[in-house]
Amino acid sequence: KTIYILNGPNLNLLGKREPDLYGHDTLADVETACANLGNEFGFSVNLMQSNHEGEIVEMIHDAREHAAGIIINPAAYTHTSVAILDALQAFEGPVLEVHISNVYKREAFRHHSYVSQRADGVIAGFGVEGYSLAMRRMASLLA
Ligand code: DQA
């Protein structure tokens with residue numbers, strides 16, 4: 001089984017971008033950590049990132065054929081994207097939403113997530129460790 005780990009805009013800059021909020025680990029570090037956990041649980045991991053909403057929608061469509069579950073950090077699209085929500089509604093497996101920062105400690109516009117309406121679980125404020133926690137939860141959901 002394959003888990004898709006989808007990341008939205010500006011997360012390509014993870015590790016360089018606002019490190020006080022998002023830490024020093026890069027997306028490549030996240031990929032390594034999740035791939036190692038995947039090995040432990042018998043999953044392969046496909047981590048992707050895009051700065052374009054439509055590309056993320058297409059990654060989710062692709063997941064319908066190729067992924068057992070989706071871990072998604074939609075980044076700023078969390079708070080704006082009905083299109084990403086609709087795409088996730090058309091995916092049948094488990095969906096876990098991750099935010100590196102504690103969005104509830106931040107501006108009010110970050111307190112609402114379109115994606116949470118579909119997510120089976122949400123992690124926020126655990127730093128990049130949130131991705132590893134989501135991997136563990138995904139393993140239980142798919143067991
Ligand atoms: C984020 C939180 C979002 O509000 C923000 O737009 C991001 C990253 C997080 O991981 O904490 O880009 O999703």
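**Reading the ligand shell and its surroundings**

Tutor: Let us begin with the ligand, which is surrounded by Asn 10, Asn 73, Ala 75, Ala 76, Thr 78, His 99, Ile 100, Ser 101, Val 103 and Arg 110. Please keep in mind throughout that this is a predicted model.

Student: How many nonpolar, polar and charged residues does the shell around the ligand have?

Tutor: Sorted by class, the shell has 4 nonpolar, 5 polar and 1 charged residues.

Student: Which residues does the UniProt annotation "binding site" cover?

Tutor: According to the UniProt record, which is an unreviewed entry, the "binding site" annotation covers Asn 73, His 79, Asp 86, Ile 100, Ser 101 and Arg 110. These positions are spread over 38 residues of sequence, and they are also spread in space, with up to 24.3 Å between C-alpha atoms.

Student: Let us take two of them in turn; why does Ile 100 count as buried?

Tutor: The idea is to count neighbours, and a residue is called buried if 20 or more other C-beta atoms lie within 10 Å of its own. Ile 100 counts as buried because it has 23 C-beta neighbours inside 10 Å. Ile 100 sits in the loop between S4 and strand S5 (121-124), and, leaving aside neighbours within four places in sequence, Ile 100 is in contact with Tyr 22, Gly 23, Asn 73, Gly 127, Val 128 and Gly 130.

Student: And is Ser 101 buried or partly exposed?

Tutor: Ser 101 has 18 C-beta neighbours inside 10 Å and therefore counts as partly exposed. Ser 101 is also found in the loop between S4 and S5, where, not counting residues up to four places away in sequence, Ser 101 touches Leu 21, Tyr 22, Arg 106 and Gly 125.

Student: Turning to the strands, how should I read the two faces of S3?

Tutor: In a regular strand the side chains alternate between the two faces of the sheet. In strand S3 (residues 69-73), Gly 69, Ile 71 and Asn 73 lie on one side and Ile 70 and Ile 72 on the other, and all are buried, with both faces covered.

Student: Which strands are joined to S3 by bridges?

Tutor: On the one hand, 5 bridges join S3 to strand S1 (residues 2-7), and these two strands run parallel; within this pairing, Asn 7 stands opposite Asn 73. On the other hand, 3 bridges join S3 to strand S4 (residues 95-99), again in a parallel arrangement, and here the bridge partner of Ile 72 is Glu 97.

Student: What do S3, helix H4 and S4 make?

Tutor: S3, helix H4 (residues 82-89) and S4 make a right-handed β-α-β unit.

Student: Where do I find residues with a positive phi that are not glycine?

Tutor: One of them is Ala 75, with phi near 55°, which lies in the loop between S3 and H4 and is buried, with 21 other C-beta atoms within 10 Å. Another is Glu 18, whose phi is about 35°; Glu 18 belongs to the loop between S1 and helix H1 (19-22) and is exposed, with 11 other C-beta atoms within 10 Å.

Student: Finally, what does Met 59 touch?

Tutor: Met 59 is found in helix H3 (residues 53-66) and is buried, with 22 other C-beta atoms within 10 Å. Not counting residues up to four places away in sequence, Met 59 touches Tyr 4, Leu 6, Met 48 and Ser 50.

Technical notes:
Residues are numbered from 1 along each chain as its sequence is written. This is a predicted model: local features need pLDDT of at least 70, side-chain atom pairs count only at pLDDT 80 or more; totals for chains, interfaces and linings use all residues. A residue is buried if 20 or more other C-beta atoms lie within 10 Å of its own, exposed if 12 or fewer, and partly exposed in between; C-beta atoms are placed from the backbone. Helices (H or I, at least four residues) and strands (E, at least two) are DSSP runs, numbered from the N terminus. Two strands pair if DSSP finds at least two bridges between them. A crossover is right-handed if, with the strands pointing away from the viewer, the path from the first strand over the helix to the second runs clockwise. UniProt positions are given in the numbering used here, feature names are shortened, and annotations may be inferred rather than shown by experiment. Two residues are in contact if their C-beta atoms, placed from the backbone, lie within 7 Å. A residue is near a molecule or strand if its C-beta atom, placed from the backbone, lies within 6 Å of it. Ala, Val, Leu, Ile, Met, Phe, Trp, Tyr, Cys and Pro count as nonpolar, Asp, Glu, Lys and Arg as charged, and the others, Gly among them, as polar.
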